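The sequence and the structure come first.

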Amino acid sequence: QVQLVESGGGLVQAGGSLKLSCAASGRTFSNYAMGWFRQTPGKEREFVATINWSGSSTAYADSVKGRFTISRDNAKNTVYLQMNSLKPEDTAVYYCATNSAVRTIRTYYSTSDYPYWGRGTQVTVSS
């Protein structure tokens, strides 16, 4: 079965950086798009970034554009989220997710596009 395990979260001061990792197993990682989402208590899970199966195409939420970078290493079955210039409003549990469509050109923004999820990693940005 597909398993996704996030790591790299923690406490950081505003303006600082963190790099999240998500290790995938259970199927051919390089065939599928990956996404990062985040959620705070009482709010819906929101889209942060996505990357296609080859890494040639990425997309970001407006709130993180220019500060966050999604990347993947298909040889290591891992997707990353480099987060720079962090703000207190970036505080959330961050989840990685993977799609089920093989090598598509579509970009996936909705939680409903991702059937497989990790358990999340907490990111806290202090002011």
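Helices (H or I, at least four residues) and strands (E, at least two) are DSSP runs, numbered from the N terminus. In this predicted model, local features need pLDDT of at least 70 and side-chain atom pairs count only at pLDDT 80 or more, while totals for chains, interfaces and linings use all residues. Residues are numbered from 1 along each chain as its sequence is written, and side-chain values use heavy atoms, with hydrogens and water left out.

- Gln-3 lies in strand E1, which covers residues 3-7, and counts as partly exposed because its relative accessibility is 43%, where buried means under 20% relative accessible area, exposed over 50%, and partly exposed in between (1.4 Å probe, protein chains only).
- Not counting residues up to four places away in sequence, Gln-3 touches Ala-23, Ala-24 and Ser-25, a contact being heavy atoms within 4.5 Å.
- The C-alpha atom of Gln-3 is separated by 28 Å from that of Leu-86, which is 83 residues away along the chain.
- Gln-13 belongs to strand E2 (residues 10-13) and counts as exposed, because its relative accessibility is 61%.
- Leaving aside neighbours within four places in sequence, Gln-13 is in contact with Val-125 and Ser-126, whereas Gln-13 and Ala-23, 10 residues apart in sequence, are 26 Å apart in space, C-alpha to C-alpha.

**The four-stranded sheet**

- An open sheet is formed by 4 strands in the order E1-E3-E8-E7, with antiparallel pairing; two strands pair if DSSP finds at least two bridges between them.
- The edge strands are E1 and E7, each of which pairs on one side only.
- E1 and E3 pair in the antiparallel sense over 5 bridges, and Glu-6 stands opposite Cys-22 in E3.

**The nonpolar core**

- The largest nonpolar core has 32 residues, and those with the most contacts inside it are Trp-36, Leu-81, Met-83 and Tyr-94; such a core is a set of buried Ala, Val, Leu, Ile, Met, Phe, Trp, Tyr and Cys residues joined through side-chain atoms within 4.5 Å.
- The elements giving two or more residues to this core include strand E3 (18-25), strand E4 (34-39), strand E8 (78-83) and strand E9 (92-98).
- Among the residues that Leu-81 touches, not counting those up to four places away in sequence, are Leu-18, Leu-20, Trp-36, Val-48, Phe-68, Ile-70 and Tyr-94.

**Aromatic pairs and charges over rings**

- A search of the whole structure finds 6 aromatic pairs, where rings of Phe, Tyr and Trp (its six-membered ring) pair if their centres lie within 6.5 Å, and planes under 30 degrees apart count as stacked, over 60 as edge-to-face and the rest as tilted.
- Phe-37 and Tyr-114 form an edge-to-face pair, 5.3 Å centre to centre with 75° between the planes, and this pair links distant parts of the chain, with Phe-37 in strand E4 and Tyr-114 in the loop between E9 and strand E10 (116-117), 77 residues apart.
- Phe-37 is buried, with a relative accessible area of 0%, and Tyr-114 counts as buried at 2% relative accessibility.
- The rings of Tyr-108 and Tyr-114 have their centres 6.4 Å apart and their planes at 75°, so this pair is edge-to-face.
- Phe-37, Phe-47, Tyr-108, Tyr-109, Tyr-114 and Trp-117 form one aromatic cluster.
- Arg-27 lies over the face of Tyr-32, at 3.4 Å from the ring centre, and Arg-45 lies over the face of Trp-117, at 4.8 Å from the ring centre; a charge sits over a ring if NZ of Lys or CZ of Arg is within 6 Å of the ring centre and within 35 degrees of the ring normal.
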